[in-house]
Amino acid sequence: MATSHDHPHHGLDLGYARVSTTKQSLERQLDALGAAGIPAERIHTDKKTGTSIDRDGLAALLAYARSGDTIVVHTLDRLGRNLREVLNLVHDLAARGIGVRSLADPLPINTTDEGMGRIAFLLLALFAEMERTFTAERAAHARAVAEANDRHIGRPIAHSADKIDYARLLKAQGESLGQIAVKTGIPKTSLHRYLTPADQAAPPAS
């Protein structure tokens, strides 16, 4: 693993891999990063339990990275625990002159690219913001209808809003329920409920 005192004076591709439990394997991500030409000494990793918020590997990578470098990940979600966290980190890195590139997202991201990779990331951020707005509007409408009818609606949400936002974004990108379930950890039965527009959730009243 590289350290801050041995950074050369030119831009590097730096790898990062993360799994959320000690039972998961980093092998697939490490193989992809190696195939992308990143040597093992430039790859930082985190393998923590689901209850741990410490990411020492990412912290070391961020301390080592310099302007002109590019952080490469298998998929963009490896950089954070939710979409908002990922977007904030990518923006912070951009302010430091550090790019981010993903290898296996449906629309591969490369924030250093002025072409489609850059556009893909901007669209990702735009869709996330739009979906948050639409979700808030649908929730406000549902509450207004419920209050008008003097009743409470829905069941407690078992998954975080950020995770549901990410699921909706993946659906908009054309991913199957199975793929979304794997990436978000939300069961298909719950995804059906979260991803069904409010105006289609129930048949119209007769």
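Author: Start with a helix pair. This is a predicted model. The axes of helix α5 (residues 161–172) and helix α6 (residues 177–184) come within 10 Å and cross at roughly 150 degrees. The crossing is right-handed.

Reader: What makes α5 and α6 meet, and which residues do so?

Author: Contact requires heavy atoms within 4.5 Å. K163, Y166, A167, L170 and K171 in α5 meet I180, K183 and T184 in α6. Therefore these residues count as the contact of α5 with α6.

Reader: How do the residues of that contact divide into nonpolar, polar and charged?

Author: Four are nonpolar, one is polar and three are charged.

Reader: Why are strand β1 (residues 13–19) and strand β2 (residues 43–47) called a pair?

Author: Pairing takes at least two bridges. β1 and β2 have five bridges, so they pair, in the parallel sense. G15 has I43 in β2 as its bridge partner, and Y16 has H44.

Reader: What are the order of the strands in the open sheet and its edge strands?

Author: The order of the four strands is β2-β1-β3-β4, with parallel pairing. The edge strands are β2 and β4 (99–102), because each pairs on one side only. On average, neighbouring strands are turned by 25 degrees against each other, direction ignored.

Reader: Where does helix α2 (residues 56–64) pack?

Author: Helix α2 packs on the sheet and touches β1, β2 and β3 (70–73). The direction of α2 makes about 155 degrees with that of β2.

Conventions: Residues numbered from 1 in each chain as written. Predicted model: local features only at pLDDT ≥ 70, side-chain atom pairs only at ≥ 80, totals over all residues. Heavy atoms only, no water. Axes fitted to C-alpha atoms, helices over the stretch in contact; angles between N-to-C directions. Helix = DSSP H or I, 4+ residues; strand = E, 2+ residues; numbered from the N terminus. Left-handed = near helix turned anticlockwise from the far one by under 90°. Nonpolar A, V, L, I, M, F, W, Y, C, P; charged D, E, K, R; others polar.
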